[in-house]
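Open the model in your viewer and keep the selection panel at hand. The stops below tell you what to select and what you will find there.

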Amino acid sequence: MEYMNRKVAVIGVGNTEYTSNRRETRSKAELAYAAVKGALNMAGVGIADIEATVFTSVDGFEGNVRPARVLESFGQGLNIPLVDVNTGGTAGGSGVKEAIHMVSAGLYDLVMVYGSPTFQGVVDNQQVLNTASPPIFEKPFGLGAAHMGSLYCAGYMRKYNFTMEDLALVSAKSHKNAAKNPYAHLRKGYTLEEILNSPMVAWPLHMYEICPNSSGAVAMIFASEEKAKSLCPTPVWVKAILSITDTFFTGYRPYTGFPQLKILAQRVYHRAGITNPRQEIDVAELFNPFGPFELLEYEALGFCGQGEGVALMRSGATEIDGDIPCNPSGGTLCTNSGIAASVTRHAEVVLQLMGKAEGRQVKSPKTGLAHSWGGNDGQFHTVCIFSLKED
Amino acid sequence: MKVGIIGYALVGFTDEVNIRTDELVFKAAKAALDRAGLTREELDVSVITSLDAYDGITISNGLMAPGAGGYEKDATRIQGGGVGAIMSACASILSKSSRIAIVAGADATVFDDPIISNASYDAFFRRPLGMSNQAGYGLFATSLLRDRGITEKDFAALAARNYRSAAQNPNAHRKKSYSSEEILDSPMVYWPLRQLELGPVSRGGAALVLALEEKARELSRDPVWVTGIGGGSNPYYGSWSDLVDLKGLKHACRKAYSMADIKDPAAEIDAAEIHNPFAPFEIPVCEALGLCQKGQGLDFLLEDKKLINTSGGALGTNPPACGGYFRTIQALECLKKNDRAKRAVVQDSDINLGFFGETYHVLVLEKAGV
């Protein structure tokens, strides 16, 4: 508790079903209502019990400046604070961090976090994302999301002499898991062959190694110790959460791994009292809008050594029935509803620890890790450790 | 356990700046750290306030975070304004996640204010009507004329009062002391509001350094304490009375005053910095903050009963993102300059985007020894 003033736990998660943003027939207001209602129901509270809401999204994709202001599911009718967090792809992790701080600081006892269906209705999100690049030096190159992913994957592949098959295998794992997840968007279970035969988008990434544009929303309820114990039979306790920031310019990066995530993981593990992540973490949800990112994340998070990500994945350790299951939900690769996807990494870990991960449940996990990645070419990471153990 | 403000800096404010956003935020952050006697390495967390649309790029905090000391640090970005970012930094410190935080931001980009404001309204009902921040200010001001018996001359008198203060503030954007006559002669923009009754869009940067109580005492001889902070919101499709009664602001106020143990704000608060991007908004805000009785806001302000908007308020200086920082820093300066002022309140909002669905923040600042 050195880095927590008060204990904080998650007591509710609400998900909508996910679909393609092109096929979506529900409005943003309907999605917000459904996700919020689901989270409140699981927590056994009403909107009048919520004392503050943290809204997370990236405005540029939404078609509205500050979209939270026009939605009404966040307690505005009761005039509660509406905190608007936007740090790019990590906005979900940053929003969760904000809620945890508000509760831990003693400012509020029940705080809701909402992950917006950021990509619902976006016309050309590559063009929007391109404006996140340094305006004079890098933006004119036309950098979009797929290019950001391909730079890391190509550098990683070359440094360790990995093959296209090595990279595609980890995506096949995500697709296999997503097929079991009722809240996944792509549930086709694409195989290694199908992935390698899908169109090349940005070398070395094929279409099925790149996330879709999904639509769906998620909400979580964070509670103080007293509220958590009185309201929830299986509160999931927050052990530590932090973020890290890289340079805005991307040309200096090695593109063979995530060195900033490695630094961040050490800081978070120190705060959470984790000395051996491979042994102590029972389930992890890692931000993988590009399937092979998961391999780089294994290494940065200390699940294996440098260059050993493929071997760890091929060993089966990160499968749902492995000793360190990663992305049992199918990850961001199969469901990317914008910032809902980075809140979902946390919501999925919580559902796993509560034993409520229908169809994709890991066997009796006690401690979980949620990660998010975002900003200009991965300028930010967040890592959060959840546990069933209160102390 | 409380939070102290141990350093701050302003750069600007003016119509346009000939400097990039990241350079401007660096300038402000560096000056604030220097004033606190700290280096970037000693920071635990960096909090930005900004809005992508104002900055012309998406995820604009990515551009600003390294300039605000964020490299390899914990960081975040709050979009609802400067006092919201200060609340985030306080929550981080009070939760024990960090001990020293910087909050920073910069308004450097020239943008089309009515278009961005209009884009914050829903696409089907209000956006096509041409709703914007200034249209909303006009509606609000109209209700004050109709329901409160306040006159257009009163609006001008309030504006003139702000300009008199701005003229004495070296940090103000508009530094001319416009008279009531000049204000009434300025062009009508949204009836009944004239050009000089509406705040400018000010460019500049600002930063504040905050620290946990024990750290603040160690690092500063005269920290100013954040003793209360609260937030609130209004519904987008709420009633007109929700709006003009400022229920969201009152919610924020209750929380901040309860934290600061303020029971009688009229007696216990000596100074206030209020976000008044249109002149008559000061009236209901003063009443909502409990600085005077409901219905007495106009007389309270014109009789100068307390130190209200000694900076010249948002009519003098109105940075769209950093306004909350500006007002907080002006309240700090007011406390430092006035011996009789012990406790100040800062009111912030995102109504630069417009009314309906707006959010509010309230901050209570206290000098040592209160």
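A residue is buried if 20 or more other C-beta atoms lie within 10 Å of its own, exposed if 12 or fewer, and partly exposed in between, with C-beta atoms placed from the backbone. This is a predicted model, in which local features need pLDDT of at least 70, side-chain atom pairs count only at pLDDT 80 or more, and totals for chains, interfaces and linings use all residues. Residues are numbered from 1 along each chain as its sequence is written, while chains are lettered from A and ligands numbered from 1 in the order in which they are written.

**Stop 1: one arginine**

Select Arg164(B). Is Arg164(B) buried, exposed or partly exposed? Arg164(B) has 14 other C-beta atoms within 10 Å, so it counts as partly exposed. Arg164(B) sits in helix α7 (residues 152-166) of chain B. Helices (H or I, at least four residues) and strands (E, at least two) are DSSP runs, numbered from the N terminus. From C-alpha to C-alpha, Arg164(B) and Ile229(B) are 29 Å apart in space, and they are 65 residues apart in sequence.

**Stop 2: where the chains meet**

Show both chains. The contact takes 50 residues from chain A and 51 residues from chain B. Two residues are in contact if their C-beta atoms, placed from the backbone, lie within 7 Å. On the side of chain B that touches chain A, elements supplying at least two residues each include α4 (82-94), β8 (224-233) and α11 (247-260) of chain B. That side of chain B divides into 19 nonpolar, 22 polar and ten charged residues. Here Ala, Val, Leu, Ile, Met, Phe, Trp, Tyr, Cys and Pro count as nonpolar, Asp, Glu, Lys and Arg as charged, and the others, Gly among them, as polar.

Next, colour β3(B), residues 74-78, which also supplies at least two residues to that side. Five of the five residues of β3(B) are buried. Asp74(B), Thr76(B) and Ile78(B) point one way, and Ala75(B) and Arg77(B) the other way. In a regular strand the side chains alternate between the two faces of the sheet. Strand β2 (residues 45-49) of chain B runs parallel to β3(B), joined by five bridges. Look for Thr49(B) opposite Ile78(B).

**Stop 3: two domains in chain A**

Colour domain 1 (8-123 + 213-231) and domain 2 (131-212 + 240-387) of chain A separately. These bounds come from an automatic or database domain assignment. The centres of the two domains, taken over C-alpha atoms, are 23 Å apart. In this chain, 37 residues of domain 1 are in contact with 31 residues of domain 2. On the domain 1 side, α3(A) gives the most, with eight residues. That side of domain 1 holds 14 nonpolar, 21 polar and two charged residues.

**Stop 4: the nonpolar core**

A nonpolar core is a set of buried Ala, Val, Leu, Ile, Met, Phe, Trp, Tyr and Cys residues joined through C-beta atoms within 7 Å. The largest one has 270 residues, and Val103(B) and Ala207(B) touch the most other members. Its largest share, ten residues, comes from helix α14 (residues 339-354) of chain A. Centre on Ala207(B). Beyond neighbours within four places in sequence, its contacts include Tyr8(B), Ala28(B), Ile102(B) and Val103(B).

**Stop 5**

Select helix α16 (residues 323-337) of chain B. Its 15 residues reach 21 Å from first C-alpha to last, close to the 21 Å expected at 1.5 Å a residue. The expected span is 1.5 Å times one less than the number of residues. Eleven of the 15 residues of α16(B) are buried, so the helix is largely enclosed by the rest of the structure. Phe326(B), Arg327(B) and Leu335(B) are among them.

Move to helix α5 (residues 145-160) of chain A, which has 16 residues. Its buried residues, including Met148(A), Tyr152(A) and Tyr156(A), pack against elements of chain A including α6 (164-178) and α11 (293-300). Just after α5(A), Asn161(A) takes a positive phi of about 55°.

**Stop 6: a covered strand**

Finish on strand β12 (residues 367-374) of chain A, where eight of eight residues are buried. Leu369(A), His371(A) and Trp373(A) are among those that point one way, while Ala370(A) and Ser372(A) are among those that point the other way. Two strands pair if DSSP finds at least two bridges between them. Strand β11 (residues 283-285) of chain A runs parallel to β12(A), with three bridges. Glu285(A) has Ala370(A) as its bridge partner. Strand β13 (residues 380-387) of chain A pairs with β12(A) in the antiparallel sense over eight bridges. There, Ser372(A) partners Thr382(A). Five residues lie between the strands of this hairpin, in which Gly375(A) takes a positive phi near 85°.
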